[in-house]
Amino acid sequence: MVTRRSFLSATGLLALGSAAMVLPACSGARGAESGASAASSSSASSVAEAASSTASSELSSASASAAVSGSAESAAASASAAAAANALVLYYSRAGENYGVGVIEEGNTSIVAKMIAQKTGADIFQIEPAEAYPEGYDECCDVALAEQNEGARPAFAQDFDISGYQTIYLGYPIWWGDLPMCVYTFLEAHDWAGKEIHPFCTHGGSGLSGTEGSIQSTCAGATVLEGLSIAGTTAQNSRDEAQAAVDAWLG
Ligand SMILES: Cc1cc2nc3c(=O)[nH]c(=O)nc-3n(C[C@H](O)[C@H](O)[C@H](O)COP(=O)(O)O)c2cc1C
């Protein structure tokens, strides 16, 4: 049996390939968990910790240098290190089989997230679902669609304290024209008042699909700025092109 995955985009119905249908054996097992996250409120991942310690050492070295020389250049370095110190790249991404890229070891959004962290010096944290989505593309699509239809809020594996960050680069793949439901779980678990959110996504053709508006509605009190969308195939296979898009977006 053959099925065609179709996703609704801002410009209409977008067909995204066809693949052999596998009955969604995983969807029943995963189901649509709802309610509170299984997360511990503890700490960042080691990636975030490493990034954080890098950010703080950059901050102190830039500040020290400005104090010594008093030059405009050093002051600018200090300001940019200070900006990096309260910026966070927060993202969700899934490795495995995906649209147009085959089976990938690193998710498309993860590649873009790391480019942003590298360029800005921001800390980085990946939202992981408590229960992994199926590795297969079709099976994952089935589970994700069921979750969306049910308004599920799948638990995330580990929490991250975003309270000290002013600027958040929020990254996600487009799933059925929306954010993955587990991203909503994370967003709804935190206070976004006064923060600046810069959304970025990877996708199979739909672009941002109006997700900036969904983020604005979900994150009360935040200012949501213009988003960046990069095709997943570009992030995965044309890194220079993806990097150029990131650089242009960051300005
Ligand atoms: C469950 C699921 C639903 C998807 N829905 C859409 C969609 O509605 N529109 C679209 O353009 N791409 C869609 N895609 C493709 C992904 O957005 C695209 O492959 C993205 O780059 C994946 O990012 P990741 O590797 O970081 O998870 C979907 C992919 C999956 C697995």
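This is a predicted model: local features need pLDDT of at least 70, side-chain atom pairs count only at pLDDT 80 or more; totals for chains, interfaces and linings use all residues.
Local features need pLDDT of at least 70, side-chain atom pairs count only at pLDDT 80 or more, and totals for chains, interfaces and linings use all residues. Residues are numbered from 1 along each chain as its sequence is written.

**Core.** The largest nonpolar core has 59 residues. Such a core is a set of buried Ala, Val, Leu, Ile, Met, Phe, Trp, Tyr and Cys residues joined through C-beta atoms within 7 Å. Buried means 20 or more other C-beta atoms within 10 Å of the residue's own; exposed means 12 or fewer; partly exposed lies in between; C-beta atoms are placed from the backbone. Ala 122 is among the residues with the most contacts inside the core. Its partners include Leu 88, Ile 116 and Tyr 169, not counting residues up to four places away in sequence. Contact requires C-beta atoms, placed from the backbone, within 7 Å.

**Helices.** Helices (H or I, at least four residues) and strands (E, at least two) are DSSP runs, numbered from the N terminus. Expected span is 1.5 Å times one less than the number of residues.

| Helix | Residues | End-to-end C-alpha distance | Expected span |
|---|---|---|---|
| H9 | 239–250 | 16 Å | 16 Å |

H3 buries Ser 78, Ala 81, Ala 84 and Ala 85. They cover an arc of only 125°, so they share one side of H3. The arc is that of the directions from the helix axis to the C-beta atoms. Ala 72 and Ala 76 are exposed on the other side.

H9 buries Ala 242, Ala 245 and Val 246. These fall within an arc of 100°, so they line one face. They pack against helix H4, strand E10 and helix H8. Just after H9, Gly 251 takes a positive phi of about 75°.

Key:
Two residues are in contact if their C-beta atoms, placed from the backbone, lie within 7 Å.
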